[in-house]
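Here is a short report on one protein chain. Keep the sequence and the 3D view open while you read.

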Amino acid sequence: VTGNATVVAVPPLDYITISGAKNVYKAFESFTTSGMTVTAVGGGTSKVVTGYTVTIHYTSAGRNYFLVADNGCKVTVTYTEGNVTKSAEIEITVNKADYDLSGVTFRDVTVTYDGQPHGITVLGSLPQGVNVSGYTYDGSAGTSRTEAGSYTVAPVINIDDTVNYNV
């Protein structure tokens, strides 16, 4: 019995490249593969591939988001074709996050002098971990004023996590 066979040569997998990967995050963001392309290169040809694995090297186990302590950590992308496995790394930059204070306001107050202390208050809900410990009136600390006049008032905002959030 005789027959014909077709042999297709598969070029060897030499390495993989990663392009379009997001590598700058804010604290509490999770890694995303959105926009990331993995390309397998071998035997003088290249092709975009799927079926790769992603390993994130957080500074501590048990979470799926970055903290500032993870700045400089590596994300390893691994792809296997046949019996050959290749990896490439992405270095991650992690910056401090910003609290969303968009729902917080301070309303201008106009009062008639009556010798009583008057001040302003926070309107809206401060995010967890943020509080107002006082106010400055024209740069001087205090909670209210009794003297007649016009004042520029600014809140003294404190945050619990100064490592991962901007003040």
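## Contacts and ground rules

Contact means that heavy atoms lie within 4.5 Å. Take the contacts in the protein between residues at least 6 apart in sequence: 51% of them join residues at least 24 apart.

This is a predicted model, in which local features need pLDDT of at least 70, side-chain atom pairs count only at pLDDT 80 or more, and totals for chains, interfaces and linings use all residues. Residues are numbered from 1 along each chain as its sequence is written, and side-chain values use heavy atoms, with hydrogens and water left out.

## Overall build

The protein has 0 helices and 13 strands. Both are DSSP runs numbered from the N terminus: helices (H or I) have at least four residues, strands (E) at least two. From the N terminus on, the elements run β-β-β-β-β-β-β-β-β-β-β-β-β. The radius of gyration is 29 Å, well over the 15 Å that the globule rule gives for 167 residues, so the protein is more spread out than a compact globule. That radius is taken over C-alpha atoms, and the rule is 2.2 Å times the number of residues to the power 0.38. The C-alpha atoms fill a box of roughly 115 × 25 × 25 Å along the principal axes.

## Surface and charge

Of the 167 residues, 25% count as buried. Buried means under 20% relative accessible area, exposed means over 50%, and partly exposed is in between (1.4 Å probe, protein chains only). The protein exposes about 10,800 Å², and carbon and sulfur atoms supply 50% of it. These areas come from the Shrake-Rupley method with a 1.4 Å probe.

There are 9 positive and 14 negative side chains, and the centres of the two sets lie 7 Å apart. Lys and Arg count as positive, Asp and Glu as negative; His and the chain ends are not counted. Each charge is placed at NZ of Lys, CZ of Arg, CG of Asp or CD of Glu.

## Aromatic pairs

How many aromatic pairs does the structure hold? It holds 7. Rings of Phe, Tyr and Trp (its six-membered ring) pair if their centres lie within 6.5 Å; planes under 30 degrees apart count as stacked, over 60 as edge-to-face and the rest as tilted. Tyr25 and Phe31 make a tilted pair, 6.1 Å centre to centre with 40° between the planes. Both Tyr25 and Phe31 are buried. Tyr25, Phe31, Tyr58 and Phe66 form one aromatic cluster.

Tyr137 and Tyr151 pair edge-to-face, at 6.2 Å and 85°. Tyr137 lies in strand E11 (residues 130-137) and Tyr151 in the loop between strand E12 (140-142) and strand E13 (153-159), so the pair ties together parts 14 residues apart in sequence. Tyr137 is buried at 4% relative accessible area, while Tyr151 is partly exposed at 29%.

Most residues other than glycine have a negative phi. Phe28 has a positive phi, near 80°. It sits in the loop between strand E2 (24-26) and strand E3 (37-42), partly exposed at 35%. Asp138 also has a positive phi, near 50°. Its place is the loop between E11 and E12, and Asp138 is partly exposed at 46%.

Tyr99 lies in the loop between strand E8 (93-95) and strand E9 (105-106). Is Tyr99 buried or exposed? Tyr99 is buried, with a relative accessible area of 16%. Leaving aside neighbours within four places in sequence, its contacts include Pro127, Gln128, Ile159 and Tyr165. Tyr99 and Gln128 are 29 residues apart in sequence and 9.3 Å apart in space, C-alpha to C-alpha.
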